[in-house]
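Okay, thanks everyone, I'll keep this short. Let me put the structure up, and then we'll go through a few things in it.

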Amino acid sequence: MDLYASIPKELKQSGAIKELQTLFLNLACGIKLLMFRRNIIDQVTVSHDQLILLLGFYSLTALVTSYVITPNPIFGWFGLGYIGVELLGVLLVGFVLAKLCDEQGHLLRFLTAIYSILPFFYLFSIVVIPFLPDVYFEAGYMVYTLWILSVCFYVALQLLNGQKIKALLIVMLWISVSYPLTNVSLSFWHEDFDYSEALTAYNDDELSYVNQEQVYYNQYQLLNNALNAIEPGVKGITDLFFIGFGADSSQDVFMKEVINVQNVMNQNLGAAGRSIALINNLKTIDTTPLASSTNLKIALNHLGGKINPEEDIVLLYLTSHGSFDHELSVSMWPLELNDIGPNDVRAYLDDAGIQWRIILVSACYSGAFIDALKNETSLILTAAAADKASFGCSSENEFTYFGEALFKNVEGKSYQFIDGFNQAIEKIKQREISENLIPSNSQLFVGNLMREKLQSLEHDMVRYAPERFGSF
């Protein structure tokens, strides 16, 4: 006999309604815990049904919110992976807490309390943090992180009957299990990529055939021609050297951006005779060295031999599509080229003996490049945070949003690097807000020694204008 079938339908419905009412009461308790209200932990209704409902509510919140904020959303299952990894971490923390207080029932209580809180932390991280003004962003993020840890400590303290040392151990464990998800965002959606635009690059009959063997054979001569034209640095002057790396051939914007930025470097920032462009595009395949990992390494090595290492600065401009695993797409159909990551770039610069370096990365998720590249003699500026997309990758554009904010219309102006970069970050932010885009949160790091070095470069740019740096 089916016992469940024998239960009256009205009782089943009233039971479901009661569980939903309890769910909302638990969520209300979660809000109160966020505000550190006293004795709230005892008001949380603990059951396996409530834990499942809270997990479902959390997942639904992420599903709907990430859909709303993602342009041209395409569904993906990676959100479930995030939630699964996070659940394992919460289970581990709850298990240790239960062992510390010798109360196995506290495992379920801890899980229920945490999942009554997490939906609100998620909403705060998506709706509030990305839209903070730049001057308050770092402070706001720090306050948000401390808030999370304080709530964790508060919940643990109540379950551990006020044992502060054990509660601190729980917080430390929470930090450890949360670290793998630090640079990953919880989203079930990703932005659709218009492949039809990319394919148009390969539909021109004149460009539809590429002799791969000839392309590889030509690289030696093309790269040699470009590198042989590089002039050495002048002793006693802080010279600026430039390498542009436009790595994805599927959209013309990367080719155009490198060419435009190189022109600004040559005409306004004193890099004439000390600049090189590496580009992947069918339109330049016979005239310009490829933007490949190997060519980049060779070019940086060559510049390392031309610079005065203690004086000169190398500016490396990388523009391409970025990926969730924080690599730059290096694509030149039909060739097979290796993508590059931040550790590759650092190794190439180190091997070349380039001490003073400015690295600008125009790509989605490029913020992850900073940790691998930063030191006291570097400046790194990225178009987006490690978990954010950037904008402007359209073939008809002359620049991405990042490149345009940095280098469009700089003629006739004395260029101040750090101030100019901060102004560009604000321009990008205002443009994204006006177009209702999710903020890309451009990231800037400046080493202390590089701050002083840039003053020397800016001084020489004014001192030797206009014959070398254009007229200001």
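Predicted model: local features only at pLDDT ≥ 70, side-chain atom pairs only at ≥ 80, totals over all residues.

Now, a helix pair. Have a look at α4, residues 78-101, and α7, residues 164-178: their axes come within 9 Å, crossing at roughly 165 degrees. Anything over 145 goes down as roughly antiparallel, so that's the label for α4 and α7. The crossing of α4 past α7 is right-handed. Who's touching whom? On the α4 side you've got Gly-89, Val-90, Leu-92, Val-93, Val-96, Leu-97 and Leu-100, and α7 brings Lys-166, Ile-170, Leu-173, Trp-174 and Val-177. Sort that contact by class and you get ten nonpolar residues, one polar and one charged.

Where does Ser-292 sit? In the loop between β4 (275-279) and α11 (293-306). And is Ser-292 buried or exposed? The cut-off for buried is under 20% relative accessible area, and Ser-292 comes in at 10%, so it counts as buried. Its side chain reaches the backbone nitrogen of Asn-295, at 3.1 Å. If you leave aside the neighbours within four places in sequence, Ser-292 is in contact with Phe-245, Val-330 and Leu-337.

That's me done, happy to take questions.

Definitions and conventions: Residues numbered from 1 in each chain as written. Heavy atoms only, no water. Helix = DSSP H or I, 4+ residues; strand = E, 2+ residues; numbered from the N terminus. Buried < 20%, exposed > 50% of the residue type's maximum accessible area, 1.4 Å probe, protein only. Polar contact = N/O pair within 3.5 Å; in protein donor to acceptor, adjacent residues only side chain to side chain. Contact = heavy atoms within 4.5 Å. Axes fitted to C-alpha atoms, helices over the stretch in contact; angles between N-to-C directions. Parallel < 35°, antiparallel > 145°, perpendicular 65-115°, else oblique. Left-handed = near helix turned anticlockwise from the far one by under 90°. Nonpolar A, V, L, I, M, F, W, Y, C, P; charged D, E, K, R; others polar.
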